[in-house]
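Work through the exercises below with the sequence and the model at hand. Try each task before reading its solution.

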There are 2 protein chains.
Amino acid sequence: MPIVTFLPSYRKAEVEFGATILDAAQRAGLNINVVCGGQGKCGKCIVYRKSGRVAFERQQYSRFFSHGELEKGALLACEAFVNGDLEIVVPESSLIQEQKILIEGLDLTTAFRPSVMKYHVTLSPPTLEDPSPDLTRLLDGLEKVHGPTTDLIFVPLGALRSVPQILRDGNWDVTATVALMPPGRFWLIDLEEGDTSQRLYAAAIDLGSTTVVACIWDLVKGKVVGIASNYNRQISCGEDILSRVNFARKNGLSKLQTLATESINAALTAAANNAGIDRDDIYEVMVAGNTVMTHMLLGIDPAYMIAEPYVPVMRRSINTEAASIGIFVAKNAGLFVFPGVSDYIGGDIVADVLACRMGEREEISLMIDIGTNFEVVLGNNEWMFSCAGAAGPALEGGEVLFGMRANPGAIEKVTIDPDTLKPTYSTINQVKPKGICGSGLIDLLAELLTACVIDRNGLIDTTIENPRVRKGEYFAEYVVVWKEEAGTEKDIVITQNDIKNLIMSKASVLGACTTLMKVAGITHEEIDTIYFSGGFGNYLNKQSAITIGLIPEVPLDQIKNIGNGALMGANIALINRDQRRTLELIARNIAYIELNAEPSFMDEYTQSSFLPHTDLSLFPNVSTLLDRCRLNHPHHSLNGGV
Amino acid sequence: MPIVTFLPSYRKAEVEFGATILDAAQRAGLNINVVCGGQGKCGKCIVYRKSGRVAFERQQYSRFFSHGELEKGALLACEAFVNGDLEIVVPESSLIQEQKILIEGLDLTTAFRPSVMKYHVTLSPPTLEDPSPDLTRLLDGLEKVHGPTTDLIFVPLGALRSVPQILRDGNWDVTATVALMPPGRFWLIDLEEGDTSQRLYAAAIDLGSTTVVACIWDLVKGKVVGIASNYNRQISCGEDILSRVNFARKNGLSKLQTLATESINAALTAAANNAGIDRDDIYEVMVAGNTVMTHMLLGIDPAYMIAEPYVPVMRRSINTEAASIGIFVAKNAGLFVFPGVSDYIGGDIVADVLACRMGEREEISLMIDIGTNFEVVLGNNEWMFSCAGAAGPALEGGEVLFGMRANPGAIEKVTIDPDTLKPTYSTINQVKPKGICGSGLIDLLAELLTACVIDRNGLIDTTIENPRVRKGEYFAEYVVVWKEEAGTEKDIVITQNDIKNLIMSKASVLGACTTLMKVAGITHEEIDTIYFSGGFGNYLNKQSAITIGLIPEVPLDQIKNIGNGALMGANIALINRDQRRTLELIARNIAYIELNAEPSFMDEYTQSSFLPHTDLSLFPNVSTLLDRCRLNHPHHSLNGGV
């Protein structure tokens, strides 16, 4: 079989004739960027042939690269078929970048009441006077330490078969593991010789479409002992969820299912290594993920969610045996997967709601999770409404000329001196700036507004006489970093087009929030707390978010960041079994509002397309701020230059 | 590999060098008699080598056959190893005989409330206005026909995965199968396109150590549609239970487990063929069997039951998936195995108790199941005592010179003219008599007693001048059939030794009954009904049983025969799910009395070693009968000869 060697890493893979170079790269362990899922549509998987023969189904020139690049051997890894031994150069830009993973300290106040328990019991051996059956003897012994409900413990056949031998090998001194298992009763899931009661662990998993995080708890000591994350290996089948569902439709679900379990197994191994424990001592796995992710993980077809009428197969929680889907921890360990609300409001959002406790309080909260898509939940302990939408990639640095993800070199914070228009910024890892990530872009928009560089429509005031404000090649633009200071060959700018995209994104989010408020009949004054969940909120400047009208105006100290809410929610449900009932109730109580079917949404979106909103009375503090700015800086002079 | 050909059937098997001829016979489908479980101890598996080479571990001569037979090539199939191609003659006497299977009409008065149901539902397809998840849609549809508890239906992952495709392939017109599954909740176990609600069957199994009976119910029409039985294939590993447990200890449990499931599968196939249905439409299997049988069926080690302190692994009922132990019916179908009381009082006896309803009535009943071992249960709806013991083989025709099983040619009924001492008898299948089966022996004993041929000690009165009463070679004997009338080369007789063995057997049973009565503090007048369960009672003459004191004296119309109580009990629990709770209670409420540990038993046994008992006041009617007989026939004359 042909061997494909990838440069500069010199990773190799042996593949069949006709395999794509993308297949070969995946086999070689390279995470090549395939936003479109390998459909030849995104042009992100550009590689260069150095030597050897490739074959194509269609001509490649001029679609994603110039004749010059073609002459250098450029091709799309997803469209080129291996036709002999090959040497392929993979530019760094075609690899998925290492990403900052943000996990906040786990501030869990829930009672510690896990669903798995180990009991060390010492039994008297059977005698002619007491010849009760092995199982009766074991359960009677267990009852003394476990309580009077032993009679209700279900003993699956596999465990039962091991009972006589282990009791005798252990000389009637054994440790029984009892766990809440499907469909909701305590099972005897394991029996070990001697006292192993101190070795009892469980794992919470945040199954994100990009990242999988595993958090291991010591259920005896009641604390986290290991945490680790890694890429969701499904990325090799497409960066966004739609691409992956399409991949599944084209190539079958099983590969995506396997990649999901492999990702979880890898995260579990890493976390177990961190903790210095054996993965075989993990007796329960709790997973929170979005609806498509959990469908795929469980091997349930997600195809009907991406075409009209957009129907998931299930939204209830799933309780099964971990090994049954290929997650390998302790024998017979259970797996619990969070319930969801709809195709767009999945278990991750239910976990967010559980984590921020908004469903347990009288005060009204607004919970926002922003990525390429966003989800919003509004409500309290009596009612909850939710919606979801596409924010577009702008808030994460996509569709913005110098936008980038929160990787090293990204400008994450910006202020602009309103007099000189000179920015002050900081970058991730304090390296030379290469671009601007989401939090930086929101700062920039807010600062440009308060510095009167842009107006409430987002239009750049090109009459301003300052070298940073200029016309640009196609659009007016503001220079954030001169190329001499930057890690780039060009000036880092934000263009009128970027600003338009950012405003469209933020209008989607704010419009969704105000639509839910309208549906629920409440005003922004009635909102007690706004929660940000997910990585987005970690570096976000709260004032900037309000200034541009990304979220409704509330006092700054009422905006809270819960970090990885999905992981936190999974942790809560993992260590307190009663919370599983709570989260079923949450999932059932959250009403889902389909924005496209909600007549008021378009109006709310249009009104939100201003900075911060057409109706300034909804943003009284921002209104005051803007008045003051306009007063102080009606014009800008060249004097403040560079 | 060598080929072994068995004559006269010309069945062939290809086996490895070193396999026993017994192995080869089993592979060829021949049921060779191995009472000892293939340990070379019973001498029942005699076959003759016609040609080819065999090997032995030890010399065979003089243990079970004469030099003459050795010269004819006689060997034990369990001890001879295949050492090349072979021709082996199998005499009919070494094959397990075909046995009469007795199943009484099923007189079930229980409510029809099975645990499996099918629901045909027609759903409206999802729309943009109603995009609820597939599962929600299905369960909502189900709720309309099934009731308000659909929310509690557990949907296992396997079934869930099939939901989206089947809903769409079936054009939203489907049939859902819902069943009570372990650990005790309703599961969605199957989903089919279209309306299959009329195809719903379930099977009750009597897993006997000799015979497996399957009874198939149409759960829609509420009636039995097929019944079939076959040998328990474990017989090839030993006729009695002890031999099989020893076989399992020596060779591992898996072969016996496989033979048990194969026997059940074969019975199910035959019953399904009788019914003209597909085995795949059987959605539940209910099994009643003794404790060792059910341990073996479930792959649970029975070894600790046959050595001190005689401990079973479990006595609770087992609910699992049929396929998980190799019983193949409908996908995901459940298997329910009856609970037992102790090693000797198993699920078959619990089924007997359920079948005769003695645990539900105020009146006191005595239930007796007689085989080589016997089990007795005494009690009512408030209390029950049970015990078990070895009756010895005499009551089934073993250890009796002309004793035989209830096969064609067995004398099953006998009366003796008290004047001439000439017997009148009937044989099974009305063929020439070959021997005497259990019911015939009991008749014979009773008739010899009332004809004054034997006294209450069972001693033959050799002073009687009648050719039928003679001294015999070793023991005094009574001639039942002259050889000229018989299908044998010798006169069919009953000897003093046979009578001794029969009395020891009947004394064990009566002694057990009176011991339980003593433990419970009740007299024979307080017993309302005596039930016989099992094949033994089918042809038993009730008066004879009382005359010899096999059972306590009660009016004849209070003795009832429930036939195959195990099968009947299994049927009841199969078609009425509430009865499963009842039988758990029965199993728990039956106290087990270990006769060997019960001080009064030896005394009761000794008193029962008389015909009918030392204390004739316990048998007032028999006492009267004996007085009358003695009065009328103090002597017998030669005149009544032949």
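**Exercise 1. Burial and overall form**

What percentage of the 642 residues in chain A do buried residues make up?

Solution. Start with the cut-offs: a residue is buried under 20% relative accessible area, exposed over 50%, and partly exposed in between, with a 1.4 Å probe and protein chains only. Buried residues make up 59% of the 642 residues in chain A.

Before going on, note that this is a predicted model, in which local features need pLDDT of at least 70, side-chain atom pairs count only at pLDDT 80 or more, and totals for chains, interfaces and linings use all residues. Residues are numbered from 1 along each chain as its sequence is written, chains are lettered from A and ligands numbered from 1 in the order in which they are written, and side-chain values use heavy atoms, with hydrogens and water left out.

Next, compare the radius of gyration of chain A with that of a compact globule. The radius is taken over C-alpha atoms, and the globule rule is 2.2 Å times the number of residues to the power 0.38. For 642 residues the rule gives a value near 26 Å, and chain A has 28 Å, which agrees. The C-alpha trace of chain A spans about 105 × 65 × 45 Å along its principal axes.

**Exercise 2. Elements and contacts**

How many helices and strands does chain A have?

Solution. Helices (H or I, at least four residues) and strands (E, at least two) are DSSP runs, numbered from the N terminus. Chain A has 15 helices and 26 strands.

Now take the contacts, where contact means heavy atoms within 4.5 Å. Of the contacts in chain A between residues at least 6 apart in sequence, 67% join residues at least 24 apart.

**Exercise 3. Confidence**

Which element of chain A has the lowest mean pLDDT, and which the highest?

Solution. pLDDT is the predictor's confidence in each residue, from 0 to 100. Chain A averages 89, and 94% of the residues score at least 70. Among the elements of chain A, helix H2 (residues 67-71) has the lowest mean, 77, while strand E12 (residues 282-289) has the highest, 98.

Over residues 98-106 of chain A pLDDT stays under 50, and the model has 30 contacts beyond four places in sequence for them. Over residues 636-642 of chain A pLDDT also stays under 50, with 18 such contacts beyond four places in sequence. For the complex, the predictor gives an ipTM of 0.79 and a pTM of 0.80.

**Exercise 4. Backbone geometry**

Is the peptide bond from A:Glu308 to A:Pro309 cis or trans?

Solution. The bond from A:Glu308 to A:Pro309 is cis, with omega near 0 degrees. A:Pro309 sits in the loop between helix H7 (291-297) and strand E13 (318-321) of chain A.

A:Tyr310 is found in the loop between H7 and E13 of chain A too. Its phi is near 60 degrees, a positive value in a residue other than glycine. A:Tyr310 is partly exposed because its relative accessible area is 33%.

In chain B, the bond from B:Leu7 to B:Pro8 is cis, with omega near 5 degrees. B:Pro8 lies in the loop between strand E1 (3-7) and strand E2 (11-14) of chain B. B:Asn429 has a positive phi of about 65 degrees although it is not a glycine, and its relative accessible area of 47% makes it partly exposed.

**Exercise 5. Two residues in their surroundings**

Is A:Gln579 buried or exposed?

Solution. First locate A:Gln579 in helix H13 (residues 578-589) of chain A. A:Gln579 is buried because its relative accessible area is 11%.

Where is B:Ser197 found?

Solution. B:Ser197 is in the loop between strand E8 (185-193) and strand E9 (201-207) of chain B. With a relative accessible area of 13%, B:Ser197 is buried. Leaving aside neighbours within four places in sequence, B:Ser197 is in contact with B:Lys118, B:His120, B:Thr175 and B:Val220. B:Ser197 and B:Val220 are 23 residues apart in sequence and 8.1 Å apart in space, C-alpha to C-alpha.
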